[in-house]
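Me: I'm new to reading protein models. Could you walk me through a few features, one at a time?

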Amino acid sequence: MIEAKRITKFVGTKAILKACSIKVKPGYFTAVVGANGAGKTTLLKSLSGEQTLTSGEIILNDTSIRQYKGIALSKVRAVLSQHTEVNFPFTVEQVIEIGRYPYKTHNTENEKIIQEVIRLTSLQDFIGRPYQTLSGGEKQRVQMARVMAQLYSKTEFPKYLLLDEPTSSLDLAQQHILLALAKNLCKQNIGILAILHDLNLAIQYADEILFLKKGVTVAYGSCQTTATRSIIEDTFSHPVRLLDDGTGRKIVVPRHFNEIHTQNLNPIEYERTN
Amino acid sequence: MQRAISVKNIGKHSFSLMLMLFLLFFLLIASLAIGAVPISPLEVLQVFSKEIGISTGINTNETQQIVLLNIRLPRLLFTIFIGAALGISGATLQGLFRNPLVEPGIIGVSSGAALGAIVVIVFIARITPISVELFKAWLLPMSAFLGAVTATFITLKIGKYEGKTKVTYVILAGVAVSALANAAIGLSIFYADDQQLRTFTFWTLGDLSVATWDKIYILFPLICSSIIGLIGLARPLNALALGEAEAFHSGVSVEKVKLVAVLLSALVVGTSVAFAGVIGFIGLVVPHIIRISLSPDHLLVLPASAIGGACLLLLADIIARTVVTPAELPIGVVTAMIGTPFFIYLLIRSKQKRLI
């Protein structure tokens, strides 16, 4: 388990995170939602060991994260960013191979693992292609394959995967392919934490959910009970309707701006020159 | 341990590397054979065999032996070491800064060295009554090296932010330090007389004719150990291609890698520039040629850039000292003249493949 215990982070005099606590449990999918600037990325960077805290601590598998060396840490937790660019003409396999950096495994074994994660992410058609020539969704799938290669070992359990808005530049099908891959990793006892912008995606895939507003936890708990109308409205400062999709799962429908504001936005008068 | 694995994994590129070593060997023989005193490749072999006590039955004369052992061989080794140093440091810094347009000068090394050189040429030479020979052989390189290292340290110092070296700040700091050094160089030029100006201009174009065995003894351990150290950075540099955060997530000690890469690069470039003057182009273009024509994997790019840098400089040197005999063309001019057309060809080809 990765556990954040009342972590606080100041940048200058501004508090980005205030006494935030969260548990990323092996086999669970935890989603973090909140408006822009709520401190979601700061929370993820703290959990990944990338940045220091002002107060509080992060415990990873019963040890403080500060006591981990880079290599040891990278064997138990991987991070998938929003998008990753490469400035050199690396091929798809070469990018995936970077995931094997922490391990002293031999070429032939790495090769096998790379083939395996390529199969799992259905990237067979992209073997040998330069990464730079792929579309945004394809690139993200290659990065997913890379972090899967990084977490691919029979030892050092439990492991964790942290995703920072992994679906923000993907189309509908790609979003679900990526989150389904993450959900599959959960079944192998890997703990997942994902920052998600789309509330409906979060509700569909998450077991637990954390609502964050201006660095403060609004609510945290199981997705079924926590994602209520009042909590969502409070977190995003915008009214929503919760519908049922017929199978008992909630659908979040944000209200139209003009429905809730009596005075509409002033129409913009563009000057006409004839 | 990490390093041992890293070097072992070079194995998958062994064919490309063998090919390049073969090219280097060919140029090496050519470089020894070509020159004002004609020595055939077989005679070259005979002179070396005789040195280690084996006779091949081919006759060589005293002149050939002296030319080969005291002039061409030290110059050959000098050229190889400097070419290799420039090639690998260019590859390292491009990888570190994730920018294919970076050349070793970006961290202020070249400008710092040039400032060190001109200060000696213009000012120190006036006040110290030492012989011209001693001056050219040692005082100039030492001052240039000092300038190179100082400039790099200032660049790194300014580039530090909250205890971490930020790449953007380092590049900007390098630009600032270079600009300041260039201003000081301009000021020195203002005070220089015609002869000093000529000395400095030729120094900035590079000169390999200053090779002596004494210098080889200094270059050899310094550059060989640095090259081995830099090749050890191949896997971290591959991870850094994804970005600093991603490299950290993959387990790379990013700060340590940055420091080692910059210091070793500054060391080898500083030494090379100090001895041979500014030889541009190799550090910028050789890594590109390797990446586009072979593979961007640093396990290949780093050693291949060292070999490729040596090859290009060797070829340029053969041309520089033969086309206008008994005079010599400045080496920097030749490297640019033979390297640029090839580079442009590669650019056009890779543009068609959408690789850049």
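This is a predicted model: local features need pLDDT of at least 70, side-chain atom pairs count only at pLDDT 80 or more; totals for chains, interfaces and linings use all residues.

Me: Okay, so at what angle do helix 13 and helix 14 of chain B pack, and how far apart are their axes?

Reply: The angle is about 125°, and the axes are 9 Å apart. Helix 13 covers residues 282-293 and helix 14 covers residues 298-322. Angles over 145 would be roughly antiparallel and 65 to 115 roughly perpendicular, so this pair counts as oblique. The crossing of helix 13 and helix 14 of chain B is right-handed.

Me: Which residues meet where helix 13 and helix 14 of chain B touch?

Reply: From helix 13, they include B:Ile282, B:Val286 and B:Ile290; among their partners in helix 14 are B:Leu300, B:Ala304 and B:Leu312. By type, the residues of this contact split into 10 nonpolar, three polar and one charged.

Me: Let's zoom out. How many helices and strands does chain B have?

Reply: Chain B has 15 helices and two strands. Its C-alpha trace spans about 65 × 55 × 40 Å along the principal axes. A compact globule with 356 residues would have a radius of gyration near 21 Å, and chain B agrees because its value is 21 Å. In chain B, 47% of the residues count as buried. Now look at contacts between residues at least 6 apart in sequence: 76% of those in chain B join residues at least 24 apart.

Me: How do I read the place where two chains touch?

Reply: In general, the size of an interface is often given as the accessible area lost when the parts come together. Here we can count residues instead: 26 residues of chain B are in contact with 26 residues of chain A. Helix 10 (234-240) and helix 11 (244-249) of chain B each supply at least two residues of chain B's side. Helix 11 gives the largest share, four residues. Sorted by type, chain B's side has 11 nonpolar, eight polar and seven charged residues.

Me: Last one: is A:Gln140 buried or exposed?

Reply: The cut-off for buried is 20 or more C-beta neighbours within 10 Å, and A:Gln140 has 26, so it counts as buried. A:Gln140 sits in helix 5 (residues 136-150) of chain A. Leaving out residues up to four places away in sequence, A:Gln140 touches A:His83, A:Pro166, A:Leu170 and A:Leu178. A:Gln82 is 58 residues away along the chain, yet its C-alpha atom is separated from that of A:Gln140 by 8.1 Å.

Conventions:
Residues are numbered from 1 along each chain as its sequence is written. Chains are lettered from A and ligands numbered from 1 in the order in which they are written. Two residues are in contact if their C-beta atoms, placed from the backbone, lie within 7 Å. Ala, Val, Leu, Ile, Met, Phe, Trp, Tyr, Cys and Pro count as nonpolar, Asp, Glu, Lys and Arg as charged, and the others, Gly among them, as polar. Axes are lines fitted to C-alpha atoms, for helices over the stretch in contact, and angles run from 0 to 180 degrees between N-to-C directions. Angles under 35 degrees count as roughly parallel, over 145 as roughly antiparallel, 65 to 115 as roughly perpendicular and the rest as oblique. A crossing is left-handed if the near helix is turned anticlockwise from the far one by less than a right angle, and right-handed if clockwise. The radius of gyration is taken over C-alpha atoms; the globule rule is 2.2 Å times the number of residues to the power 0.38. A residue is buried if 20 or more other C-beta atoms lie within 10 Å of its own, exposed if 12 or fewer, and partly exposed in between; C-beta atoms are placed from the backbone.
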